[in-house]
Amino acid sequence: MPAERTPDDEAARLQEAGTDRGEVLGELLDRHRRRLLRMVHLRMDPRLKARVGASDVLQDAIVEISKRVGDYLV
């Protein structure tokens, strides 16, 4: 069984990805998607849940993450 990657390992992988950063980021987000969806769902106000799904909120967050990941890694 492969060792689980730490957040530092994942950040280093993104830092080193260069032009493949988008692909690496997609892989990392896919790996954590279920956990992220649960977190969003648990923290959403019930009134908001009636209008917007957790997957919609997560998708919007992923778009923002993809735009800003370079700033985070600097």
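Contact here means heavy atoms within 4.5 Å. The structure is a predicted model. R5 is found in the segment before helix α1. Leaving aside neighbours within four places in sequence, R5 is in contact with E10, R13 and R31. At 41% relative accessibility, R5 counts as partly exposed.

## Helices α1 and α2

Two packed helices are described by the angle between their axes and the distance between the axes. The axes of α1 and α2 come within 8 Å and cross at roughly 160°. Angles over 145 degrees count as roughly antiparallel, so α1 is roughly antiparallel to α2. The crossing of this pair is right-handed.

On the α1 side, the contact is made by E10, R13, L14, Q15 and A17. On the α2 side, R21, V24, L25, E27, L28, R31 and H32 take part. How do the residues of the contact of α1 with α2 divide into nonpolar, polar and charged? Five are nonpolar, two are polar and five are charged.

## Helices α2 and α4

Helix α2 spans residues 21-43 and helix α4 spans residues 54-73. Their axes come within 10 Å and cross at roughly 140°. That angle makes α2 oblique to α4. The crossing of α2 and α4 is right-handed.

Helix α2 contributes R21, L25, L29, R33, L36, L37, V40 and H41 to the contact. Helix α4 contributes A54, S55, V57, L58, I62, I65, S66, V69, G70 and L73. The residues of this contact divide into twelve nonpolar, four polar and two charged.

Leaving aside neighbours within four places in sequence, I62 is in contact with L29 and R33. A61 also lies in helix α4, and with 31% relative accessibility A61 counts as partly exposed. The C-alpha atoms of A61 and L36 are separated by 10 Å, while the two residues are 25 residues apart along the chain.

## The largest nonpolar core

In soluble globular proteins, nonpolar side chains tend to be buried together. Which residues make up the largest nonpolar core in this model? The core has ten residues in all: L14, A17, V24, L25, L28, L29, L58, I62, V69 and L73. The elements that give two or more residues to this core are α1 (7-17), α2 and α4.

L14, one of the core residues, lies in helix α1. Is L14 buried or exposed? Buried means under 20% relative accessible area, and L14 is buried because its value is 7%. Leaving aside neighbours within four places in sequence, L14 is in contact with R21, V24, L25, L28, V69 and L73. Among these contacts, V24, L25, L28, V69 and L73 are also listed in the core.

L29 is another member of the core. L14 and L29 are 15 residues apart in sequence, and their C-alpha atoms are 12 Å apart in space.

How values were computed: Residues are numbered from 1 along each chain as its sequence is written. This is a predicted model: local features need pLDDT of at least 70, side-chain atom pairs count only at pLDDT 80 or more; totals for chains, interfaces and linings use all residues. Side-chain values use heavy atoms; hydrogens and water are left out. Axes are lines fitted to C-alpha atoms, for helices over the stretch in contact, and angles run from 0 to 180 degrees between N-to-C directions. Helices (H or I, at least four residues) and strands (E, at least two) are DSSP runs, numbered from the N terminus. Angles under 35 degrees count as roughly parallel, over 145 as roughly antiparallel, 65 to 115 as roughly perpendicular and the rest as oblique. A crossing is left-handed if the near helix is turned anticlockwise from the far one by less than a right angle, and right-handed if clockwise. Ala, Val, Leu, Ile, Met, Phe, Trp, Tyr, Cys and Pro count as nonpolar, Asp, Glu, Lys and Arg as charged, and the others, Gly among them, as polar. A nonpolar core is a set of buried Ala, Val, Leu, Ile, Met, Phe, Trp, Tyr and Cys residues joined through side-chain atoms within 4.5 Å. Buried means under 20% relative accessible area, exposed over 50%, partly exposed in between (1.4 Å probe, protein chains only).
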